[in-house]
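Here is a short report on helix packing and aromatic pairs. Please view the model first.

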Amino acid sequence: MSSSLYGGASGRRITVRDLASAKERGEKWPMLTAYDAMTARVFDEAGIPVLLVGDSAAMVVYGYDSTLPVTVDELLPLTAAVVRGSSRALVVADLPFGSYQSSPAQALESAARFMKEAGAHAVKLEGGRRVLPQVESLVAAGVPVMAHLGLTPQSVNTFGGYRVQGRGQAGDELLADAKALQEAGAFAVVLECVPAELAERVTTSITVPTVGIGAGAGTDAQVLVWQDLMGLTPRPAKFVRTYSDLAGEMDRAVRAFAAEVATGAFPTPEHSYS
């Protein structure tokens, strides 16, 4: 494989060691969500090194108002599809709310299902020092763990909404959480909706990669929900930059198809069998 993490040559799956090596040489890399085989194939062929089957599927796939309702059983088939649709990317599965919080044993049971039934290569969970027993248990059992700090959507009701986290003294607590998670064995830390200065401070203070989303440019990697990136989300967050108007393209295509069906212009003999 090419030493470049993003867009390198195929041949094997990206591993957590590759991510660590990228940090050592100062290479920044992109990460995207994926929930089905076809988009996973597109992103994989584009060279995206890490695909996250996020619990954001609760909203963008299943139509819930938050990430809280989605279950392990709902995310398992999506994860399996992303694994089947990709050949190079490291596929990370989100552990949904209620699937790991109660105990390390519950966390291991949930993670084992994602790895055995869906073929995930790693899992992600939210929280700082309160989930250290879960992280330690998973890592000891051979499960690579990506941590998630800052705005952790599964705790949205505790936060009182989707608000920036880590300002003031809370920033020191977040940094302590990141160091503790690294010590527990997490191979990367997602930093969501935290001040850019804090994210950069965390990034330079720990040896594992940081993945930013609404955390400024100082992290080792950046992640977005692909529907946000493509312009499908009606009201994207401040940190989202849209790179395409896929919603507009889909609207135009659907209207063109419908108009031709209504007038009898489609299908033509070219699209019919004799």
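## H6 against H8

In this predicted model, H6 crosses H8 in a right-handed sense. On the H6 side the contact uses Leu-132, Val-135, Glu-136 and Val-139. On the H8 side it uses Ala-180, Leu-181 and Ala-184. By class, that gives 6 nonpolar residues, 1 charged residue and no polar ones.

H6 spans residues 132-140 and H8 spans residues 169-184. Their axes come within 9 Å, and the crossing angle is roughly 25°. Angles under 35 degrees count as roughly parallel, so H6 and H8 are roughly parallel to each other.

## H5 against H6

H6 also packs against H5, which covers residues 104-117. Here the axes are 8 Å apart and the angle is about 50°. That makes H5 oblique to H6. H5 passes H6 in a right-handed crossing.

Pro-104, Ala-107, Leu-108 and Ala-111 are the H5 residues in this contact. H6 supplies Pro-133, Gln-134, Ser-137 and Leu-138.

## H4 against H5

H5 has a contact with H4 as well, a helix of residues 72-85. The two axes come within 9 Å and cross at roughly 30°. H4 and H5 are therefore roughly parallel to each other. The crossing of H4 past H5 is right-handed.

From H4, the contact residues are Val-72, Asp-73, Leu-75, Leu-76 and Thr-79. They meet Ser-110, Arg-113, Phe-114 and Glu-117 of H5. This contact has 4 nonpolar, 2 polar and 3 charged residues.

## Aromatic pairs

How many aromatic pairs does the count come to? The count comes to 3 aromatic pairs. One of them joins Tyr-62 and Tyr-64. Their ring centres are 6.4 Å apart and their planes lie at 40°, so the pair is tilted. Are these two tyrosines buried, partly exposed or exposed? Tyr-62 is partly exposed, with a relative accessible area of 33%. Tyr-64 is partly exposed too, at 31%.

Another of the pairs is Phe-257 with Phe-266. The ring centres are 6.0 Å apart, with the planes at 70°. Planes over 60 degrees apart count as edge-to-face, so this pair is edge-to-face. Phe-266 has 32% relative accessibility and counts as partly exposed.

Gly-168 sits in the loop between H7 (156-159) and H8. Is Gly-168 buried or exposed? Its relative accessibility is 64%, and exposed means over 50%, so Gly-168 counts as exposed.

How far apart are the C-alpha atoms of Gly-168 and Ala-107? They are separated by 32 Å. Along the chain, the two residues are 61 residues apart. Ala-107 is one of the H5 residues in the contact with H6.

## Summary of the helix contacts

| Contact | Axes | Angle | Orientation |
|---|---|---|---|
| H6 and H8 | within 9 Å | roughly 25° | roughly parallel |
| H5 and H6 | 8 Å apart | about 50° | oblique |
| H4 and H5 | within 9 Å | roughly 30° | roughly parallel |

Conventions
Residues are numbered from 1 along each chain as its sequence is written. This is a predicted model: local features need pLDDT of at least 70, side-chain atom pairs count only at pLDDT 80 or more; totals for chains, interfaces and linings use all residues. Side-chain values use heavy atoms; hydrogens and water are left out. Axes are lines fitted to C-alpha atoms, for helices over the stretch in contact, and angles run from 0 to 180 degrees between N-to-C directions. Helices (H or I, at least four residues) and strands (E, at least two) are DSSP runs, numbered from the N terminus. Angles under 35 degrees count as roughly parallel, over 145 as roughly antiparallel, 65 to 115 as roughly perpendicular and the rest as oblique. A crossing is left-handed if the near helix is turned anticlockwise from the far one by less than a right angle, and right-handed if clockwise. Contact means heavy atoms within 4.5 Å. Ala, Val, Leu, Ile, Met, Phe, Trp, Tyr, Cys and Pro count as nonpolar, Asp, Glu, Lys and Arg as charged, and the others, Gly among them, as polar. Rings of Phe, Tyr and Trp (its six-membered ring) pair if their centres lie within 6.5 Å; planes under 30 degrees apart count as stacked, over 60 as edge-to-face and the rest as tilted. Buried means under 20% relative accessible area, exposed over 50%, partly exposed in between (1.4 Å probe, protein chains only).
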